[in-house]
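Have a look at it first, then read on.

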Protein chains: 2
Amino acid sequence: MREVDLRYPTCPIRNVLARISDKWSLIVLWNLGLNEKMRYKELMLSIPDISHKMLTNTLKHLEEDHLVKREAYAEIPPRVEYSLTKTGKSLIPTIEQMIDWAQTNFEEVVK
Amino acid sequence: MREVDLRYPTCPIRNVLARISDKWSLIVLWNLGLNEKMRYKELMLSIPDISHKMLTNTLKHLEEDHLVKREAYAEIPPRVEYSLTKTGKSLIPTIEQMIDWAQTNFEEVVK
DNA sequence: CGGGATCCCTACAGATACTG
DNA sequence: CAGTATCTGTAGGGATCCCG
């Protein structure tokens with residue numbers, strides 16, 4: 001869901017959280033939170049089970065949502081660096097809290 | 001993704017957060033956090049754009065994940081009440097923090 | 001009232017091949 | 001190196017009908 005919810009255009013869950021509630025966004029954001037700047041290939045290596053296509057899609061969406069900054073350098077071979085925007089960085093403490101909760105309640109939820 | 005991730009069986013994002021990263025779980029949890037106990041129909045009315053099937057599915061999954069408790073009474077007509085488990089309640093502050101973040105950064109993310 | 005079962009369509013996601 | 005483009009299978013999700 002990339003469009004604004006027609007029925008609840010100001011609902012934060014539907015319009016903001018829905019955008020990072022997919023399979024890979026939190027994982028990518030989390031990695032970028034740990035590493036300041038990362039190249040495309042570094043992200044691929046950090047997340048071995050993500051496919052080429054999904055990493056590209058996820059990064060594109062996160063960039064559209066102004067959570068990730070993309071800097072491309074006109075070199076040969078090309079170099080592209082990804083980093084969190086200020087908004088993206090401001091989400092990291094909340095992600096950390098969610099991960100803490102997930103870790104604490106892992107057994108209870110998954111069993 | 002209801003199964004344990006074979007590659008990262010202990011990753012909290014993949015195995016716990018993935019379960020509530022769908023279209024409706026956070027909204028249902030949020031409503032149950034506000035109301036203590038809710039009947040099926042109350043939830044339907046609180047979330048007018050959820051379909052019958054998805055509310056049923058979402059509640060079933062949340063119950064399997066021990067986040068929601070389901071109490072059915074053998075009356076006619078039947079009465080079923082849903083509430084948060086202790087684990088479910090412990091997630092509410094984190095959801096609140098995420099919603100606060102989403103509200104604060106709404107313009108930046110959605111624009 | 002609170003579901004379950006079914007049909008059906010679309011978006012997501014993997015695999016593969018190609019390009020500046 | 002860091003992407004696009006295409007094909008294809010699968011799962012998510014809506015609409016409808018049925019049931020204890």
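**Meeting the DNA**

Let's start with the surface near DNA strand D: its residues divide into seven nonpolar, three polar and five charged. (Ala, Val, Leu, Ile, Met, Phe, Trp, Tyr, Cys and Pro count as nonpolar, Asp, Glu, Lys and Arg as charged, and the others, Gly among them, as polar.) Keep in mind that this is a predicted model, where local features need pLDDT of at least 70 and side-chain atom pairs count only at pLDDT 80 or more, while totals for chains, interfaces and linings use all residues. Residues are numbered from 1 along each chain as its sequence is written, chains are lettered from A and ligands numbered from 1 in the order in which they are written, and side-chain values use heavy atoms, with hydrogens and water left out.

**Around DNA strand D**

- In total, 15 residues surround DNA strand D, and the closest are A:His52, A:Arg70, A:Tyr82, B:Lys53 and B:Met54. (Being near a molecule or strand takes one heavy atom within 4 Å of it.)
- Of the atoms of DNA strand D that come within 4 Å of the protein, 57% belong to sugar and phosphate.
- The side chain of A:His52 has an N or O atom 2.6 Å from a base nitrogen of DNA strand D.
- (Helices, H or I with at least four residues, and strands, E with at least two, are DSSP runs numbered from the N terminus.)

**Chain A by itself**

- Chain A has six helices and three strands, and along the sequence they follow the pattern α-α-β-α-α-β-β-α-α.
- Its C-alpha atoms fill a box of roughly 50 × 40 × 25 Å, taken along the principal axes.
- Chain A has 111 residues, and 45% of them are buried. (Buried means under 20% relative accessible area, exposed over 50%, and partly exposed in between, with a 1.4 Å probe and protein chains only.)

**Where chains A and B meet**

- Here, 44 residues of chain A are in contact with 44 residues of chain B. (Contact means heavy atoms within 4.5 Å.)
- The two chains bury about 4,200 Å² between them, 70% of it on carbon and sulfur atoms. (Buried area is the accessible area, with a 1.4 Å probe, that two parts lose on being put together, summed over both.)
- Two salt bridges are counted between chain A and chain B. (That takes a side-chain nitrogen of Lys or Arg within 4 Å of a carboxyl oxygen of Asp or Glu.)
- A:Arg14 forms a salt bridge with B:Asp49, with the closest N and O atoms 2.8 Å apart.
- On the side of chain A that touches chain B, helix 5 of chain A gives the largest share, 11 residues.
- That side divides into 25 nonpolar, 10 polar and nine charged residues.

**A closer look at A:Asn15**

- A:Asn15 is found in helix 1 (residues 12–20) of chain A.
- Why does A:Asn15 count as buried? Because its relative accessibility is 1%.
- A polar atom of the A:Asn15 side chain lies 2.7 Å from the backbone nitrogen of A:Asp5.
- Leaving out residues up to four places away in sequence, A:Asn15 touches residues including A:Tyr8, A:Pro9, B:Phe106 and B:Val110.

Key
A polar contact is a pair of N or O atoms within 3.5 Å; within protein, one must be able to donate a hydrogen and the other to accept it, and residues adjacent in sequence count only if both atoms are side-chain atoms.
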